[in-house]
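Biologist: Could you walk me through this model and tell me what stands behind each term you use?

Modeller: Gladly; here it is.

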Amino acid sequence: MEIPTGALVVLAGPSGSGKSTWADRHLRSDLVISSDELRAVVGLGPHDQRAGTDAFDVLDLAVERRLKRGLTTVIDSLALDEKQRRRWRELAARFDRPTCAIAFDTPDAECRRRNKARDRPVPSKAVTSQLARWPDVLGALPDEFDEVHVVTADGDHDREPVAFVPRALHRHRTRRSTQREDPMPLRFGLSISSFTWPGETVDLAPTLGRIATEAEEAGFSSLWVMDHVMQIPQVGREWEPMLDSTTTLGFLAAATDSIRIGALVNGITYRNVAHLGKMVATLDVLSGGRAMCGLGAAWFDREHRAYGWTMPSLAERYELLEDALELFPLLWGPGSPSFDGRRVRVPEAICYPRP
């Protein structure tokens with residue numbers, strides 16, 4: 001059984017269905033919040049029914065604080081009350097946490113047998129009431145929770161280990177099955193971040209052209225250059241060759257036939273934002289629809305100082321980035337609408353020919 005990390009997990013089932021036994025077998029104790037144990041905290045013991053209201057107040061508070069911190073939270077309670085389940089789901093939704101119900105669908109006779117074997121059995125009438133409500137609860141769970149796992153007394157889920165996996169990787173088995181049925185092949189792009197090649201003393205253009213054509217012939221799906229005007233310290237020294245990205249992409253478009261091309265990525269502070277959109281559109285038209293538009297908030301202040309560009313604050317750069325993300329679809333779309341963004345104002349977003 002796989003459960004996403006950070007999830008709200010509710011164990012649901014009548015008394016004697018095996019919730020606590022299953023939790024002890026499969027889960028770390030620090031993940032589980034038990035209503036019975038909280039009765040012992042606020043009352044005279046785990047069976048103090050008069051402490052039930054206070055115990056659930058504490059339980060709800062603990063659930064809220066754990067979900068707020070992104071901690072996987074397992075509630076061990078009957079979970080037969082729809083209002084309680086809704087309250088827990090609302091807490092999960094408030095903090096954008098996935099929800100999971102583990103339903104213990106144990107035969108009535110087995111529940112009664114287990115209950116009678118306890119040191120302090122739940123009254124028979126209470127168990128009868130729980131068993132009568134359980135089919136409706138079991139039927140409602142799939143509509144309430146993101147996912148439901150059903151555990152039966154002798155089923156696989158009763159013995160299957162529990163794995164907590166990152167939310168982004170959850171349900172990977174389903175994705176693997178989809179990949180088998182409708183495969184999406186891997187695509188590889190080549191990023192050219194340096195124009196200083198070992199042993200090369202020839203002109204840049206022939207060597208760069210050869211790299212582009214050989215990358216295309218080798219099966220690379222895309223070709224990228226950095227958007228810098230001097231070499232960055234992570235790659236080389238600032239006096240090493242660095243080509244202007246827009247001009248270089250035009251050269252690469254002419255040197256190739258099918259590979260996609262783009263800047264990885266265009267710094268949003270280096271050009272008028274609307275003009276950048278026009279440049280990308282032009283590259284796309286002249287390359288036969290092969291341009292890719294990479295955008296970034298820019299970071300290399302050394303370049304800004306050297307070229308006399310203003311280096312806005314990080315917040316301002318993100319606002320410029322957001323403006324570009326909203327402006328470009330307008331610029332590349334029909335008509336010539338105006339755009340009034342956070343940092344950019346364009347009276348007429350005109351771009352002909354369109355990409």
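Modeller: Four strands make an open sheet, ordered β8-β9-β10-β12, with parallel pairing. The model is predicted, so local features need pLDDT of at least 70 and side-chain atom pairs pLDDT 80 or more, while totals for chains, interfaces and linings use all residues. Numbering starts from 1 along each chain as its sequence is written, and side-chain values use heavy atoms, without hydrogens and water.

Biologist: What makes β8 (189–192) and β12 (291–292) edge strands?

Modeller: Each of them pairs on one side only. Strands here are DSSP runs of E with at least two residues, and helices are runs of H or I with at least four, numbered from the N terminus.

Biologist: Why are β9 and β10 called paired?

Modeller: Pairing requires at least two bridges found by DSSP. Strands β9 (residues 222–225) and β10 (residues 260–263) have four, in the parallel sense, so they qualify. Within this pair, Leu223 stands opposite Ile261 of β10.

Biologist: What makes the set with Leu8, Leu59, Val63, Trp88 and Leu141 a nonpolar core?

Modeller: A nonpolar core is a set of buried (under 20% relative accessible area, 1.4 Å probe, protein chains only) Ala, Val, Leu, Ile, Met, Phe, Trp, Tyr and Cys residues joined through side-chain atoms within 4.5 Å. The largest such core has 23 residues, and those five have the most contacts inside it. Helix α3 gives the largest share, five residues.

Biologist: Which other core is there?

Modeller: A second, separate one has 22 residues, including Trp197 and Ala291.

Note on methods. Buried means under 20% relative accessible area, exposed over 50%, partly exposed in between (1.4 Å probe, protein chains only).
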